[in-house]
Amino acid sequence: QVRYKQRLTGKEGREALLEKSEDGSIPKGAIKESEGNGLSSEELILAAAKHVDKQQKQRDFFNLLKKQSQKYIKKSKAMQVRTFVADFAQNTGMPNFAAEQPSKVYYLSPLNAFVFGVVDCCTEKTTLAAHTYFETDGKKGGNNVASMLWNEFTRKGLTTLGEKVFEINIVMDNCGGQNKNRMVIRLLFVLIKLKLCFRARMVFLVKGHTKNDCDRMFNLMKKNYRNTNCYTPKQLLEFVQESNEDVELVNVMNGGGFKNWDKFQNKYMRAPESIQGYHVFMVDQQDPNRLMCQEADKYPIVYDDNIIKKPFRDQPWAKNLQEELEDIEPVGLKDIKWITLYDEWRPFVPVDLRKDYQYFHNDPGTERREKTKINRGEAAETRKNRAITTDNDNKPTIIP
C-alpha cells in the first residue's frame, strides 16, 4: 500500500499515505484480498499512516533518551537519566562446528545457549553486557528477563537503597511473552516503591522497526563464532567473553540465577490490562500506584489505576523484596536432548573435553532410552491422527 501510494502521488512515507486520490478508491490488485477484506481504502491508508507515525515517534523518543543519558551522567546521581537497551540475541548452539561440517551434525539439535544483551546508553562508546545461560538453566520468559534486568541494575549500582537517580528507562522490542509481559512491566512499580528513581519507564519499539544498539553488538560478538568450533559450555562462555573488547560476559547462574518475580508481584499487584496496544509505560514517584500507558510518545495518555492491590497502595511492600523473592530451580535437560548429546554429538567432541560436560560423559541409561522411545511413538501416533478427518459419510479420510 505504501509503495502504491508513493508511485501514485510522487510523495514519500506518511505524506504519500495521507494523500487522497480523486475518488478515494484503490485499483484492483493494489492490495491483497485478505488485507483489504472488510476495510475501505481510507481505513487502510490511515492505519498505515498511524503505524509509520508511531514508529517514527518511538524512534525519536528513543534517541532523545539516549542523548539525555549521556548529557546528565556527569551530574549528581539524583539528576541522572539512565537508559538501558535490552534484547535477546539469536540463539547460539553448543557444540558448534562452524569451522567445519562433519557428517550429520548439520541435522542435529544442539544445546541452546541464550544471550540477553543489555547496553547502558550513558556512554558514547557502546558496550554490551552479555547475560548468558543455557536451556538447562532456564527459559526465555518474563521471570528470566526481569531477573536479568534487575541483575544489570544491581551491577550498575542502581538498586542500593537510599540512593536514587532521576529516571530509569528500559528500551526493548515489542516481543510479547519475552519482553512485554506482566513481570517486566510491573518491575517499574518495584523501582518506584523502593525509591530507586523518581520516574521509571518502559519503551517498546514498534513491530517491524526494532533495530537497536544490541543488534550491532551481537554481530560483533558472533563474528568469530560463525567460524569457530566450540565443544562445551565452558568454551562457549569463554568465547563470549573473548569475542570483542566491548562485550562483557555476565554468567547468569554465577550471578544468582533466576528469581520468581511473578509470584512476588502477584502478592501485591494485579496484571496490567490491555498492554499489547501500548508502547510506552511509566510510573512516577508523585503517583506511585498508577501506570501511565501510551500508544507512542506524544500520543494520548491512558491510566491503569488497578494494578496495585488496595490493601498495599499506601504500604512500603517492596521492602520485602529480598526476603520474599524466591529462586527458580534450573529446568534441567530433557531426556531426548540428553540422548542426542551423548549418542550423536559426543563422538565428534575431542576425548579430552568430554569430561568437561556431564551430558557427554554420563550415559543417559536404558530406562531413559526406553521411555524416550515410547514417547516418540506416541507423538508420531498423535501427528498421524491429526491428519485424519471425517467426510460427509462419516468415513475416515486421510489428508495428504
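Guide: Let's start with a term we'll need: partly exposed means a relative accessible area between the buried range, under 20%, and the exposed range, over 50%. Keep in mind that this is a predicted model.

Visitor: Okay, let me try that on Asp287. What is its relative accessibility, and how does it count?

Guide: Asp287 has 34% relative accessibility, so it counts as partly exposed. Arg290 counts as partly exposed too, at 27%.

Visitor: What do the side chains of Arg290 and Asp287 meet in?

Guide: Here's the general idea: side chains of opposite charge can pair when their charged atoms come close. In this case, Arg290 and Asp287 meet in a salt bridge, at 3.7 Å from N to O.

Visitor: How many salt bridges does the structure hold?

Guide: There are 24 of them. One of them joins Lys156 to Asp120, where the closest N and O atoms are 3.8 Å apart. Lys156 sits in the loop between α5 (142-155) and β6 (165-172), while Asp120 belongs to strand β4 (residues 111-120), so this pair ties together parts that are 36 residues apart in sequence.

Visitor: And is Asp120 buried or exposed?

Guide: Buried, with a relative accessible area of 5%.

Visitor: What about Glu248 and Arg155: how many residues apart in sequence are the parts they tie together?

Guide: First the contact: the side chains of Glu248 and Arg155 form a salt bridge at 2.5 Å, N to O. Glu248 is in strand β9 (residues 247-251) and Arg155 is in helix α5, so the parts they tie together are 93 residues apart in sequence. As for accessibility, Glu248 is partly exposed with 39%, and Arg155 is partly exposed with 33%.

Visitor: Which residues are linked in a network of salt bridges?

Guide: Look for Glu167, Arg199, Arg201 and Asp284, which are linked in this way.

Visitor: Which element gives the largest share of the lining?

Guide: That's α9, with three residues.

Visitor: And how do the lining residues divide into nonpolar, polar and charged?

Guide: Six are nonpolar, one is polar and one is charged.

Notes:
Residues numbered from 1 in each chain as written. Predicted model: local features only at pLDDT ≥ 70, side-chain atom pairs only at ≥ 80, totals over all residues. Heavy atoms only, no water. Helix = DSSP H or I, 4+ residues; strand = E, 2+ residues; numbered from the N terminus. Nonpolar A, V, L, I, M, F, W, Y, C, P; charged D, E, K, R; others polar. Salt bridge = Lys/Arg side-chain N within 4 Å of Asp/Glu carboxyl O. Buried < 20%, exposed > 50% of the residue type's maximum accessible area, 1.4 Å probe, protein only.
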